[in-house]
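The answers set each value against the rule that gives it its name.

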Amino acid sequence: MTQGYPKAERLATGLGLAVVGGFLDTYTYFTRGGVFANAQTGNLVLLGISAARGELYRAGQYLIPVLAFALGVVATEGLRARRGAGDWQRTVLLLEAAILAVVGLLPPAFPDFVVNVTVSFLCSMQVNSFRLLEGMPYATTMCTGNLRSCAYHLGQRLFAGERAGTGRAARYLWVMLAFCAGAALGVPATQWAGGRAVWLCVLPLLLVRAWLGYQYEYRS
């Protein structure tokens, strides 16, 4: 029953944030140099390749977004410690919406690298602030872990007779579909509005913030 979970863990929250996560990947890919800024696996691989080749300057370029992602995690933990349960997550959403609104104002000539690092930082804050979907670990800015969990619970239903596996797999599937929907929406949006298309992320972030409300619901 979803009523037993805080609003931050409910499917509606995950769907809204996954749309934003997918959209941001498309946004940086089409408007900021053809890169995906949400996850850092690729940057870590390229960092290792550059270091092995002795290309230390290039390795440093890949290290910066990785550090920005790590800094986002540290920042959210600081907010969690200072602002208390529930309210800190709403603060993260407000900061993310505000910074993305500013990003939309930046001209195309503004360095792509700075924008991508900023998006990496924001995605880190989002994914670290919303880590549970009805008690199950998941992510709203990347899909590899969600895909693994979806397949795992489906396997549990098929081969271990776990009846709850179907519903759990479906929840992960819905989140992945929302991520894909956000990515698909980003294509016409960036073609039509360019860099300003990122403003479309502000509305779902504010809607999720409003949905969370001022009174945080603890799991019964």
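Q: Why is Ala169 called buried?
A: This is a predicted model, and the values below are computed from it. Buried means under 20% relative accessible area. Ala169 has 7% relative accessibility, so it counts as buried.

Q: Where is Ala169, and which residues does it touch?
A: Ala169 is placed in helix 7. Leaving out residues up to four places away in sequence, it touches Cys150, His153 and Leu154. Contact means heavy atoms within 4.5 Å. Ala169 and Leu147 are 22 residues apart in sequence, with 9.0 Å between their C-alpha atoms.

Q: What makes Thr190 buried or exposed?
A: The limit for buried is under 20%. Thr190 has 9% relative accessibility and therefore counts as buried. Thr190 lies in helix 7, which covers residues 164–193.

Q: What does the side chain of Thr190 reach?
A: The side chain of Thr190 reaches the backbone oxygen of Val187 at 3.0 Å. A polar contact requires N or O atoms within 3.5 Å, and the distance here is 3.0 Å. Not counting residues up to four places away in sequence, Thr190 touches Tyr27, Phe30, Thr31 and Ala197.

Q: Why is Thr26 called buried, and where does it lie?
A: The relative accessible area of Thr26 is 8%, so it is buried under the 20% limit. Thr26 has its place in helix 1, residues 11–31. Apart from neighbours within four places in sequence, Thr26 is in contact with Ala183, Gly186 and Val187.

Q: Why is Tyr152 called partly exposed?
A: Buried is under 20%, exposed is over 50%, and partly exposed is in between. Tyr152 has a relative accessible area of 39%, so it is partly exposed. Tyr152 lies in helix 6, residues 144–159.

Q: How far is Tyr152 from Thr140 in sequence and in space?
A: Tyr152 and Thr140 are twelve residues apart in sequence, and their C-alpha atoms are 18 Å apart in space.

Q: What makes Tyr138 buried or exposed?
A: Tyr138 has a relative accessible area of 8%, so it is buried, the limit being under 20%. Tyr138 lies in the loop between strand 2 (136–137) and helix 6. Residues up to four places away in sequence aside, Tyr138 touches Gly14, Phe130, Arg131, Leu132, Leu133, Asn146, Tyr172 and Val175. From Tyr138 to Ser149, eleven residues apart in sequence, the C-alpha distance is 8.1 Å.

Q: What is stated about phi of Glu134, and why is Glu134 called buried?
A: Phi of Glu134 is near 50 degrees, a positive value in a residue other than glycine. Glu134 has 11% relative accessibility, so it counts as buried by the limit of under 20%. Glu134 lies in the loop between strand 1 (132–133) and strand 2.

Q: How do you know that the radius of gyration agrees with a compact globule?
A: For 220 residues, a compact globule would have a radius of gyration near 17 Å; the protein has 18 Å, so the two agree. The C-alpha trace spans about 50 × 40 × 40 Å along its principal axes.

Q: What elements does the protein have, and in what order do they run?
A: The protein has eight helices and two strands. From the N terminus on, the order is α-α-α-α-α-β-β-α-α-α.

Q: What lines the largest pocket?
A: The largest pocket, with a volume of about 340 Å³, is lined by 17 residues. Val35, Asn43, Tyr62, Pro65 and Asn116 lie nearest its centre. The lining residues of the largest pocket divide into ten nonpolar, six polar and one charged. Helix 2 (41–52), helix 3 (56–83) and helix 5 (112–129) each supply at least two residues of this lining.

Definitions and conventions:
Residues numbered from 1 in each chain as written. Predicted model: local features only at pLDDT ≥ 70, side-chain atom pairs only at ≥ 80, totals over all residues. Heavy atoms only, no water. 1 Å grid on protein atoms, 1.4 Å probe; cavity = no way out; pocket = protein on both sides within 12 Å on 5 of 7 lines; lining within 4 Å. Points joined across faces, edges and corners; volume = space filled by probe spheres on them. Helix = DSSP H or I, 4+ residues; strand = E, 2+ residues; numbered from the N terminus. Nonpolar A, V, L, I, M, F, W, Y, C, P; charged D, E, K, R; others polar. Buried < 20%, exposed > 50% of the residue type's maximum accessible area, 1.4 Å probe, protein only. Polar contact = N/O pair within 3.5 Å; in protein donor to acceptor, adjacent residues only side chain to side chain. Rg over C-alpha atoms; globule rule 2.2 N^0.38 Å.
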